[in-house]
Amino acid sequence: MRKLKWVLLAIVVIPIALAVTAYAIVSTYSFDEVKAIARQEVRKATGRELVIDGPLDVALSLSPAVTVSDVSLNNADNGSRDSMINLERFELQVELIPLLSGDIEVRRLVLVGADILLETDAEGNPNWQFTPPADDSTEGETTTADQARETGRQRMPNLNSVSIEDSRLTYRNGETGESMTLSLDSATIAGSGDLLDLDLEGDLREVPFSFAGSVGGLDRLTGGGDYPVKLEGQLADADIDLNGNIISMTSDPRLDLQVQLEGDSLAAFSELGGTDLPDLGPYSFAGHVEGEMAALSLNGMTLEMGESDLSGDAGLDLTGARPRVTGDLQSTLLDMADFQGDDADASADSDEGSDSEGIDTGEKQFVIPETQLPFEALRGLDAQLSARVSTLRLPSDVEVSDVDITLALAEGRLDITPLQAGFSGGVLGGEVMLDSSSDTPRLAINMTMEGFDYGRLLRERELSEDVEGTADIKLDLEGTGSSPRALASSLNGRSEIIGHEGVITNRLLAIVSTGLSEVMGPLLGDNKQTRLNCIVSRFDFESGVATSQVQLLDTTTFSVAGGGRIDLRDESLNMNFDTKTRQTALVSLAIPFNVRGTLKNPSFSPDPSGTVEAAAKLFGSGKDPEEILGSIMSGGSSDSEIQEEEDNPCLTALGQTEGQTQSSDEAEDESSQAEDAVKGVAEDLEEGIKGLFGE
């Protein structure tokens, strides 16, 4: 606003100088003498030279009118061009009588072809800061900017009618070289006193605008206090409504404005923002903007875009070492698709096409991407944000509910705690830390999810209707690196997945991984599904290598147990599994298998030698196959009735019985019982082998 005030002062000193010449006109001065007086008055007020190259016409009356062409005001010595202001034509009509008392009453002011340049030099010095020369009475004294402002304030005229045509105002930053131009095709200002009616049409950075309404008069602009603004109009394709005040115009101005904005697409603002904005569809925004330009707050904000909504308070503070963003936001629905635009969808479709054709190039040979994460953005910004979202819709229409997140970012360290959300019937909770303050960023995740309903998720994704079950998930991981691949390759910590009772099908095995259903599917026999007792998966991570502690899938039909390693540094797999069945007719199909390859292309291969050995022992024992199988499946018990809580392999894998943790004595007893059970099974198998050979 200081810039605007000085621009107005620079423009007004011209009519002031010309108005003073009215007395000379009455006294039959020549026009050349009038021009000389005008130049002298401008030099006295600004310290700059006024150049009048065109003719000067005067109409004498009690409201004399002056018309002059080809007028310019010199720029500062350090300016990028010779003139600060150029005017093709200037017309001024003033009331003569008020001049006798020092008041300037402008009946009509017309500017045609005005070209005004506001700029700073490389050191940040502005060209709109004028330095009037000292006269004899002030010789040896310095005229301060405040004194110059006081002089300008006393001489500001009262404008009754202003018309501007085909004019432009350019601001250039001498430190960065960036510039912005405001063009006015037409502008009219009418009225007197505190309020002026305003009607504008033009463009800002080639983005068209039109506004109508009222603003404060020139005396409000320079006399302090509140400067009222009430405007309605369009910028690009957006309807804009501004209503409020600009406070303390003579010192540091502060905004107190209610803003409403509604449009068809943010892409229309691409030129204005200097970057390509996505076409996100219709939007509407409203909020109360308060504060200084370097420290603004947005209160009572409401934003609607597509199906999404966002409300709350936010702030931006530019007074510190880094910009600081604050906010307390709420949303009933936040659909990420509403903020991505068509380009993101096209890119996703393109990527899927590449995968479907099996085209792997460099980075795409891995599941975990090597894309560099935007850590520079974290280092350049501080933030304190909290958000509560009833429904968060992720890409592919995956929904997360009841999101409650608090985010703190300071000096490159991001802490998200707490993080709570609901997903597929489960409850997610935990915290995330990402420290990018050093050259090697560090990530730490401590998360739990209880009651995750994967059956519901598969139904919602229309992948399988028959799967049922829930799982609990725990992650306690830490890694370093600047990309997801680097982070995964350095992971340390632990992961755990515990699946509870449910129903699984061949379809689920196919979804988990291609080839797995061919290995394990036959164990279902004629059944399309089987009851699930449990899933237990535990991994320890060290320097990017995940080593299995236990892997178990137990159903009423079969069991699968195994272990091995997953090397996240190259995503290679080295896992081995054994299978057991409770159905006698399917014993020959219960074969061990190996998992090799990579996360992107895993391979499943049976282990025939393990199959032959298991079959020989089973059918050569002379015992009832179901009894022997029961011994194997129950951890060695040969009783026909298996006690589920005591001998359930799921509980053995978990290392505890339901509702209690084993003591060391209990663990020792169970270990002894397990040894006896294994001995018993071994003896039975030995007898069976002897019987097979007639011994």
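Colleague: How many salt bridges does the structure hold?

Modeller: The structure, which is a predicted model, holds 21 salt bridges.

Colleague: What makes the contact between D115 and R81 a salt bridge?

Modeller: The closest N and O atoms of D115 and R81 are 3.3 Å apart. The definition asks for a side-chain nitrogen of Lys or Arg within 4 Å of a carboxyl oxygen of Asp or Glu, so the pair qualifies. As a general point, side chains of opposite charge can pair when their charged atoms come close.

Colleague: Where in the chain do D115 and R81 lie?

Modeller: D115 belongs to strand β6 (residues 115-119), whereas R81 sits in the loop between β3 (65-74) and β4 (83-94). The two are 34 residues apart, and the pair links distant parts of the chain.

Colleague: Why is D115 called buried?

Modeller: Its relative accessibility is 13%, and buried means under 20%, so D115 counts as buried. R81, with a relative accessible area of 26%, is partly exposed, because that value lies between the 20% and 50% cut-offs.

Colleague: How do you know that R89 and E91 form a salt bridge, and is each of them buried or partly exposed?

Modeller: Their side chains meet at 2.8 Å, N to O, and the limit is 4 Å, so the term applies. E91 has a relative accessible area of 16% and is therefore buried, while R89, at 30%, is partly exposed.

Colleague: What is the corresponding reasoning for D415 and R413?

Modeller: The closest N and O atoms of D415 and R413 are 2.9 Å apart, which is within 4 Å, so this pair is also a salt bridge. D415 has a relative accessible area of 22% and is partly exposed. R413 counts as partly exposed at 33% relative accessibility.

Colleague: Which residues are linked in a network of salt bridges?

Modeller: The network links E307, D335, R393 and E399.

Colleague: Turning to the strands, why is β15 described as largely enclosed by the rest of the structure?

Modeller: Strand β15 covers residues 283-292, and seven of its ten residues are buried, so it is largely enclosed by the rest of the structure.

Colleague: What makes β14 and β16 partners of β15?

Modeller: Pairing requires at least two bridges. Ten bridges join β14 (residues 254-263) to β15, and nine join β15 to β16 (residues 295-305), so both count as paired with β15. Each of these pairs runs antiparallel. A286 in β15 stands opposite Q260, and its bridge partner in β16 is T302. A hairpin of two residues joins β15 to β16.

Colleague: How do you know that β31 and β32 pair?

Modeller: Five bridges join β31 (residues 593-597) to β32 (residues 602-606); the requirement is at least two, so they pair. The strands run antiparallel, R596 stands opposite S603 in β32, and a hairpin joins the two strands through four residues.

Colleague: How many helices and strands are there in the protein chain, and what share of its residues is buried?

Modeller: There are 18 helices and 32 strands. Of the 695 residues, 41% count as buried. The accessible surface comes to about 35900 Å², of which 50% belongs to carbon and sulfur atoms.

How values were computed: Residues are numbered from 1 along each chain as its sequence is written. This is a predicted model: local features need pLDDT of at least 70, side-chain atom pairs count only at pLDDT 80 or more; totals for chains, interfaces and linings use all residues. Side-chain values use heavy atoms; hydrogens and water are left out. Buried means under 20% relative accessible area, exposed over 50%, partly exposed in between (1.4 Å probe, protein chains only). Accessible areas come from the Shrake-Rupley method with a 1.4 Å probe; for residues, only the protein chains shown count as cover.
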